Structures are given as structure tokens and as C-alpha cells.
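Subject: Structure handover

Hello,

Here is the structure you asked to take over. Please open it beside this email and follow along.

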Amino acid sequence: MLPQLLLLAAVTLAAPRYDAGSPVLRDLWVNPVQGSDSNDGATRATALRTLGAAWNRIPSETVLTEGVRIQLTAGLYPRTSIPNYFESRWGTAAAPIVIQSADGPRTAHIEGDFNIYDARYLYLIGLDMKPVPAGDVVHCELCDHFLIRDCALDGGERSAQETLKVNQSQYVYVEGSTIHGAYDNAIDFVAVQYGHISGNRIYDAQDWCAYTKGGSAYLRVESNDISQCGTGGFTAGQGTGFQYMTPPWLHYEAYDVKVVNNYIHDTEGAGLGVNGGYNILFAHNTMERVGTRSHMLEIVYGGRSCDGEGGEPDRVRCQQYLDLGGWGNTLIADGNNGTPIPNRNIFVYNNVFANPAGVIASQHVSIADDFPNVQIRGNVFINGPADQPVGVEDETLLRAENAINGSAPVRTYAIPDFGWGDAPSPPLAPVGNLSNAGIARGVPGRYVATKRRAAGS
């Protein structure tokens with residue numbers, strides 16, 4: 001009952017939404033049954049037949065002055081109708097590229113994957129995406145202003161390596177979608193700066209449900225339902241091939257990631273983790289049935305390797321990034337010679353970690369070292385008997401500032417702001433959002449709210 005009682009004081013907060021403005025768009029219609037690729041696609045009556053034909057009507061490597069909206073009518077879009085590669089289409093804020101389900105959310109059923117490269121201001125709206133055969137659903141590389149909203153991304157029975165993979169990109173927004181079915185991660189961000197992951201249901205992956213790593217920065221992860229994963233729920237950081245990072249974010253695995261008001265449940269590993277993070281906030285999240293093979297919360301080293309074999313051209317960047325002042329090495333990775341990436345300024349405030357009777361993590365937390373400025377305050381840990389191991393050598397402060405199996409009264413703490421004066425340099429990453437003001441326990445998006453009502457019964 002404790003998580004439910006804490007929610008009584010919650011305020012109503014809307015999950016973050018990307019503001020696309022009100023651009024004027026030229027429609028291209030696609031009907032997979034009655035359309036023809038010899039049509040002009042200008043109206044529903046003169047629709048094209050394939051998404052590939054519509055995509056090819058958008059000029060390549062040209063900054064658009066007129067926005068384009070590809071209207072997919074209800075129906076099935078087989079893999080053969082999907083472009084093999086969505087490449088080098090350059091929308092703008094005033095003239096974006098929109099691919100949307102025209103007849104209501106998720107009525108356009110996509111049977112191919114979207115492999116996207118060098119796209120700007122590309123928005124996917126209301127698509128139902130389930131590749132045949134099952135596998136990775138969306139991959140976006142070198143993308144700028146990329147939005148996924150109200151979509152379903154289905155990788156099958158853990159057939160995808162990553163259901164959604166985004167790398168070396170900026171301004172990425174994932175909202176109100178279901179994303180699942182990976183043998184690694186449902187969401188994998190590598191070197192992604194600016195954006196959010198909000199109001200989604202993210203589940204059914206063998207590794208982490210989601211992580212943001214490789215110098216990912218300035219991200220908000222809020223109001224998601226995260227569940228049914230192996231290694232854990234969400235982690236800021238992890239381990240990355242040095243050559244896949246982007247300057248100047250060459251030190252920590254994750255910078256300025258705020259993880260707020262998520263419902264995380266039924267994970268074998270930790271509900272939340274930091275693996276090589278700087279200025280990371282976990283606040284007002286609720287976790288149930290987490291850490292059943294290990295611990296409920298982890299703050300441990302990330303890793304950095306120079307991936308691949310000797311002579312591969314990408315590996316030259318490892319030395320280049322070392323010369324710039326980044327953390328890593330040029331060794332051929334063997335699984336044991338990576339560079340450990342520490343943590344600094346990790347704030348874990350006012351979360352609930354609650355395992356019901358019969359569900360026990362072997363310890364509450366795992367903290368690998370005496371990292372600078374790790375603050376764990378105002379959290380509730382319910383896990384096993386009163387003498388269940390906490391996971392740190394000196395438990396005094398942790399027990400005093402957190403309610404651990406009834407060790408202290410339940411109370412919340414004001415969350416302090418971050419600083420940036422101890423960020424490593426060179427190269428110096430741009431200052432993130434230092435303010436943690438106004439972050440409160442909220443009633444989050446539709447997926448989380450539904451799950452929480454069920455959990456409170």
C-alpha cells in the first residue's frame with residue numbers, strides 16, 4: 001500500500017511533448033490497395049501505391065522550403081513497398097517531413113523496417129510497425145529533429161537486436177508509443193544529445209529496456225511504463241566503442257539525464273542504473289518487482305573500448321578522440337581491457353523501490369566505488385526482511401535519509417540544482433540544464449497511469 005499512499009500527494013503533470021508548430025504541408029497520399037505509383041499522389045483519389053514512391057518524390061540533399069506530409073491510408077504496407085534506405089532528406093522546422101497514418105492512429109500497418117540516415121525534421125506519427133520477418137524496427141543515424149509519436153514498434157518475440165536504435169543524432173523525441181521485443185534493448189541511444197523519451201510503454205527486452213549512452217546528453221525520460229526486461233529497466237550510460245562517440249561529449253557515457261515519474265516493474269536486474277554518468281537525476285519514480293536476480297538500484301562504472309579489429313578505418317577516431325582529451329584507449333577490445341568510466345553528481349531522490357512479499361532482491365543497491373557527490377535521499381526501499389543487506393559497507397547515512405524496510409519515517413527532500421564547474425575538459429561539453437526546480441511526484445502519461453491504478457489494488 002505504501003506506493004499508493006505516496007501517490008495521493010501527486011500533482012497532475014503532462015508528459016513532455018515536442019512542439020512541432022503549425023507548418024504548412026503539401027500532402028502526398030498513399031493507398032496500398034487502390035493507389036498507383038503513376039498517380040500524382042496529391043489527393044486521396046489519386047494516391048500512390050507505395051511509400052517508396054512517395055519518399056522518392058522528396059528531393060534528396062536539398063533543404064526543403066515546403067513541408068511534405070505522406071498520408072498513409074489504412075491498410076497493410078509490405079516490406080517491398082518500403083524504401084530500403086531513408087536517406088538525406090532535409091526538412092526544416094517550417095518545412096518538416098511527416099509520415100503519418102491518415103485514418104487514425106496505427107491503422108497504417110508497416111511490415112518493413114525504417115533504416116534512416118541523415119534526415120532532418122522527420123516525424124513519424126501514428127504508425128503500426130511490425131517487420132516481416134521480425135527484427136529491428138527503426139534505426140536513425142545522423143538525424144536532426146527526429147520525432148516518433150503515437151507509434152507501435154514491435155520487434156517480435158525478442159527478435160530485434162534493438163527495436164529502436166538512434167545514434168550520432170540530436171533533438172530526438174519519442175512520445176506516446178509502445179516499443180518492445182528485443183534480444184538486446186528496446187531503446188538504444190548512442191551519442192544522442194537533446195530530446196526526451198516520454199509517455200511510452202517500453203518492455204520485453206533481454207538486456208536493458210532502455211539506455212542512453214556513448215556521450216548522450218540533455219535528455220528527459222519521463223512518465224514511461226518500463227517493464228519485463230532482463231538486465232534492468234533504464235540506465236544512464238553503459239559501455240561504448242570510443243569511435244562511435246561525438247565531440248565534445250567524450251568523457252562520460254551520459255550527461256544531464258533527468259529520469260522522472262516513470263513506473264518501472266518486473267525487471268530481473270536493477271530498476272534504475274547509472275553506468276558512467278555526470279549530473280544524473282532519478283526522482284519520483286516508482287518501481288515494483290525489480291532486481292530479483294541482483295539489486296534494485298545500481299551506480300557502477302561504465303566502460304569504453306575501441307571496438308573492431310586492427311586496421312578498420314573507424315578505429316582511427318579512437319586516437320583522435322584521445323588527442324582531444326577524451327577518456328578511452330586504442331586497444332583492440334578483448335572484453336577485459338576497456339577504460340572504466342566513473343560517475344559524478346548522481347542524485348537519487350524520492351523514489352519508491354517496492355518488492356512485495358515473496359519477491360526479493362539480494363541487496364537494495366550496488367554502488368561500485370566512492371564516486372563524488374552521490375546523493376541518495378528520500379527514497380523508500382521495501383525488499384525482504386528487516387536485515388536484508390543494503391549493499392554498502394557503511395549503511396548509517398543511507399538508512400538515516402531513506403526509509404529502508406521501515407528503518408526511518410517516510411519523508412521527501414528538496415532536490416538541489418546541479419553545477420557544471422567540475423565537468424572535465426578538454427573538450428568541455430556545453431552546460432546542461434542545471435535546474436531541478438519544479439520536479440515533483442506527478443500523475444504521468446496514459447500507460448503509466450493505467451499500470452499504477454492496477455498496482456494500487
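Which backbone oxygen does the side chain of N185 reach? The side chain of N185 reaches the backbone oxygen of W208, at 3.1 Å. Before going further, please keep in mind that this is a predicted model.

N185 lies in strand 15. N185 counts as buried because its relative accessible area is 1%, and the cut-off for buried is under 20%. Its side chain also makes a polar contact of 3.3 Å with the side chain of D207. Leaving aside residues up to four places away in sequence, N185 touches Q161, E162, T163, A205, D207, W208, C209 and Y211.

**Nonpolar cores**

The largest nonpolar core has 81 residues, and I99 and F114 touch the most other members. Strand 15, which covers residues 178–198, gives the most to this core, with 7 residues. If residues up to four places away in sequence are not counted, F114 touches L51, I82, F86, I99, L124, L127, M129, V137, V138 and H139. Another core, of 10 residues, lies apart from the largest one; among its members are W249, Y252, W420 and A423.

**Y173**

Y173 lies in strand 14, residues 160–175. Is Y173 buried or exposed? Y173 is buried, with a relative accessible area of 11%. Y173 touches Y18, F146, L147, I148, G195 and H196, again without residues up to four places away in sequence. Y173 and R79 are 94 residues apart in sequence, and their C-alpha atoms are 25 Å apart in space.

**The second largest pocket**

The second largest pocket has a volume of about 350 Å³. Its lining consists of 13 residues, and the closest to the pocket centre are I367, V374, I376, L397 and L398. Two elements give two or more residues to this lining: strand 33 (374–377) and helix 4 (396–401). Strand 33 gives the most, with 4 residues. By type, the lining residues are 7 nonpolar, 1 polar and 5 charged.

**Backbone details to look at**

The bond from V132 to P133 is cis, with omega near -5°. P133 lies in the loop between strand 10 (127–129) and strand 11 (138–141). The bond from P426 to P427 is also cis, and its omega is near -15°. P427 is placed in the loop between strand 35 (403–404) and strand 36 (442–443).

Where is S88 placed? S88 is in the loop between strand 5 (86–87) and strand 6 (97–101). Its phi is near 55°, a positive value in a residue other than glycine. S88 is buried, with a relative accessible area of 4%.

D256 is not a glycine either, and its phi is positive, at about 50°. D256 lies in strand 22, residues 254–260, and is buried, with a relative accessible area of 5%.

Regards

Methods
Residues numbered from 1 in each chain as written. Predicted model: local features only at pLDDT ≥ 70, side-chain atom pairs only at ≥ 80, totals over all residues. Heavy atoms only, no water. 1 Å grid on protein atoms, 1.4 Å probe; cavity = no way out; pocket = protein on both sides within 12 Å on 5 of 7 lines; lining within 4 Å. Points joined across faces, edges and corners; volume = space filled by probe spheres on them. Nonpolar A, V, L, I, M, F, W, Y, C, P; charged D, E, K, R; others polar. Core = buried A, V, L, I, M, F, W, Y, C linked by side-chain atoms within 4.5 Å. Buried < 20%, exposed > 50% of the residue type's maximum accessible area, 1.4 Å probe, protein only. Contact = heavy atoms within 4.5 Å. Polar contact = N/O pair within 3.5 Å; in protein donor to acceptor, adjacent residues only side chain to side chain.
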